[in-house]
Amino acid sequence: MNPVLKLLIEGGSLSTAQMAQVLGLTDQEINSHLEQLKKDKIFLGWRPVLNLSQESAAAVRAVIEVKITPERGGGFNNFAQRISRFDEVESCYLMSGGYDLLVFVTGGSLQKVANFVSEKLSTIEGVLSTATHFMLRSYKEQHFLMEAPAEETGRLKVAP
Amino acid sequence: MDTKAYIARHVINLPRSGIRDFFEIVAKMKNVISLGIGEPDFDTPWHIREAAIYALEKGKTHYTSNLGLIELRRAICKYVEKNFAITYKPEDEVIVTVGVSEAIDIAIRALINPGDKVLFHQPCYVSYHPSVTLAHGTGVPVPTYAKDNFALTAEALAAAWEPGCKLLMLNLPCNPTGGTCSRAQLEAIAKFAVEKDLLVLSDEIYSELTFDGEHVSIASLPGMQERTIFLHGFSKAFAMTGWRIGYACGPAELIEAMMKVHQYSMMCASIISQEAAIEALVRGEDGMKAMREQYHRRRDFIVRRLNEAGLKCHVPRASFYAFPYVGGTGLNGRDFAVGLLEAQKVAVVPGAAFGANGADFVRACFATSYEQLIEATDKIEKYCQTLAAKKN
């Protein structure tokens, strides 16, 4: 496996300079690894993981279960790609089970998310039904605990 | 009243651990990057902690059998068979102990008569020699060398052997050197043990953290199971140092003898830790492998950087310790460590803590984050440069 990819999967937040140090490569080599991973569509990009619950800019988030009739020829893909293009959509997955697509949506307010569902999503031809669940509170995002226990675990500085 | 006069002679003469000494200096300083910690930086995986919480909720708060929970002993036997190719009977060939430290202590107390001699390789873990002394035995150190990557050789063993030696203590992979033995080297040691009729106490606590090649247990070699007590624990592989849980496997008569000492001193290991240990053995392998992979990368990094800094550092095949030679700077390990701490606020452990022949080395534990390792090795490099400038 690409060594840079391994470091990325570990989930640390190393800068490219730090990655270069760890792997014994030059900064350019790290960048060219990243470029290659981007070309291969394995590494899609960076995004910060934020906890905005205390911020006035906090967005309303919802998870929407979508049932659709698959098209001949395109299957679910055309629908999924079309839905994914909306800015409101954070993530979109094809699912097994009781519905077809699971769509994560954010909006500035409850009203905006509701409008998106009623005016955009459910009006797409082929969408049979939607079930929208608003998120009330987040406990863990992308492996980060929201209420992380205190950093200091009382680990000794020197031990046998 | 002269309270000191009440202390037993063999205890009063026992030196304090060199690590403890150094710890007290470090503890007074702020913002130190410590490579002096002999434990994983990972917290115990959550599924193991959760199993312990569940055990408490279910009211598992009582004594267990002196030997430990039979479910745990069964899980241990399965694990040892799968990973070390040695078969033990859970009923009478396994005892669960309070860490490998206790297993070492009760094994020596069960086996050693006053004056019996015990061979152990050096540099070694801090408790080996004192455990022998506390049982009124005599420790016989066998040196290992950087040129052999700190593997124990049968030649060194033969040179150190003297009449009256009864027991050979092995710690492969080794804290602090990361040294291990190849199968051929172990076979030569096994042959020597048979020839001199030595019993072997094999502490393999770092075996899961072997990065290059296979780990071989001496107990798995032909004819060795009957003369080996195999010691292992959960602290390093499963990041469970604070749980204090380990075990010993061996011939039933020897386990029975150890059980007597254990029964009258410790009674049994904590039931909560035992319950957590079952979870670790049954479902902990993936987590353990992920940790090992990270240690592996960190090892490659720190060894490279220490060598770039001008120290001579062999590649430890296992464990999470680098053990560079610092004698080239003109300082011994202790002066180097104290100087490094004062000048750059980086803590490493002076090698003398692990035996006199470690005096020109320091132990740097790489079980810490990349960020810290990068900063620490940069600082070590700076410190080495100032030492080199002084020398010229």
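Two residues are in contact if their C-beta atoms, placed from the backbone, lie within 7 Å.

**Entry 1, ground rules.** I am working with a predicted model, where local features need pLDDT of at least 70 and side-chain atom pairs count only at pLDDT 80 or more, while totals for chains, interfaces and linings use all residues. Residues are numbered from 1 along each chain as its sequence is written, and chains are lettered from A and ligands numbered from 1 in the order in which they are written.

**Entry 2, the sheet of chain A.** I looked up the strand order and found an open sheet of four strands, E2-E3-E1-E4 in chain A, with antiparallel pairing. From one strand to the next, the twist averages 20°.

I then checked one pair: E2(A) and strand E3 (residues 101-107) of chain A are joined in the antiparallel sense by five bridges. Cys92(A) sits opposite Val103(A) in E3(A).

Helix H4 (residues 77-84) of chain A lies across strand E1 (60-68), E2 and E3 of chain A, and runs at about 170° to E2(A). Helix H5 (residues 110-121) of chain A also packs on the sheet, touching E1, E3 and E4 of chain A, with its direction at about 15° to that of E1(A). For these angles, axes are lines fitted to C-alpha atoms, for helices over the stretch in contact, and values run from 0 to 180 degrees between N-to-C directions.

The bounds come from an automatic or database domain assignment. Chain A has domain 1 (3-39) and domain 2 (60-136), with C-alpha centres 35 Å apart. Chain B has domain 1 (3-44 + 286-391) and domain 2 (46-284), and their C-alpha centres are separated by 24 Å. That contact takes 33 residues from domain 1 of chain B and 36 residues from domain 2 of chain B.

How many residues of chain B are in contact with chain A? I find 24, against 14 residues of chain A. Helix H2 (18-27), helix H11 (285-308) and helix H13 (370-391) of chain B each supply at least two residues of the chain B side. The largest share of that side, five residues, comes from H2(B).

Conventions: Two strands pair if DSSP finds at least two bridges between them.
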